Amino acid sequence: MSKANSSQFKLETDLISLRSLVAIVEEGSFSAAAKRINRTQSAISLQIAKLEERLNAKLLERTSRTIVLTPAGETFVSYARRILELADEAVLAVTAPEEATLLRVGFAEYLVPEHLHTLLARFRRAHPNCDLSLILGTGTPMLEALERGELDIVFCGPDGENGQVLWEEPLVWTGNGEALQKENASVDLVLMHPPCSYRQVAFEALTKAARPWKVSIDANSVQAVQSAIRAGLGISILPISAIHKDMPVPDADLPKLPNTSVVSYQRADSTHPYAQRFVDFLLACIEDSVETREYITFKHNRQQPVKLAS
């Protein structure tokens, strides 16, 4: 027997135990973790106990109210995430289509996940035969490009027809609300150029609530809207996933906003071998985002399980 095979430091556990540990840490409880990975709470507790026994180290400190990683747990979880990432990419790489091809993706700017660069890197590692072309823009022009055959898949709001609804999330007012504290104060709006579905939502909501408003800034990108909000130049509405930590949510009495949906669009005659796989990766990325998961209602089940360890 080689020294490598006889090492007393071998990790002898299954991936489910590692997934259970990561899920407990991210969800904050055994019950929520069990629901996330489709296991019973007792099964997860047993897996963690066996894992700690194999490692001869305590990974979690449990009380009646909290679960906290021990120093050994913090170290081990970082390795567990890397192991899971490699394992998932290995499966996807083996099952990926063999033909080399280009996937042309259009993303509405306001829907771009915060960790899009990580998503793209993992997708490329798992599908080395697929080259990616990414275009950022607004919904209507990109849907027109899709119809012209210039894009293979588009992710945007409910701007088109015959799309696949992926999830719903709230629209949120954002901006400095101090000026709105005065009675009947006019709302200075920071909005994207038309056509923009959120622009019309803002107009209709304020008009219905009999709140005076004016467009103070017409922005040509979501980044421009976000910059204007940070500078205190007005109020806007964005999906909750596009509200960054340094963007205030006003306490002023503003009208309630509806939910918005995120939709994927493909040509009716499309048979691109990687399009649905990219949808699955995007959904997995959003599901694994602790910041947004509690606000999002998923409307579409992925065709195959994809786990993206952080």
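In which helix is Val279 found? In this predicted model, where local features need pLDDT of at least 70, side-chain atom pairs count only at pLDDT 80 or more, and totals for chains, interfaces and linings use all residues, Val279 is found in helix α10, residues 275–287. Residues are numbered from 1 along each chain as its sequence is written, and side-chain values use heavy atoms, with hydrogens and water left out.

Val279 is buried (under 20% relative accessible area, with a 1.4 Å probe and protein chains only), because its relative accessibility is 0%. Beyond neighbours within four places in sequence, Val279 is in contact (heavy atoms within 4.5 Å) with Ile153, Phe155, Gln164, Leu166 and Ser264. The C-alpha atoms of Ser264 and Val279 lie 7.7 Å apart, at a distance of 15 residues along the chain.

The protein chain as a whole contains 11 helices and 11 strands, these being DSSP runs (H or I, at least four residues, for helices; E, at least two, for strands) numbered from the N terminus. Of its 310 residues, 45% count as buried. Among contacts with a separation of 6 or more, 74% are between residues 24 or more positions apart.

The lining of the second largest cavity comprises 10 nonpolar, 1 polar and 1 charged residues; Ala, Val, Leu, Ile, Met, Phe, Trp, Tyr, Cys and Pro count as nonpolar, Asp, Glu, Lys and Arg as charged, and the others, Gly among them, as polar. A cavity is a set of points on a 1 Å grid over the protein atoms alone where a 1.4 Å probe fits but cannot get out, and lining residues have an atom within 4 Å of a point.

Definitions and conventions:
Buried < 20%, exposed > 50% of the residue type's maximum accessible area, 1.4 Å probe, protein only.
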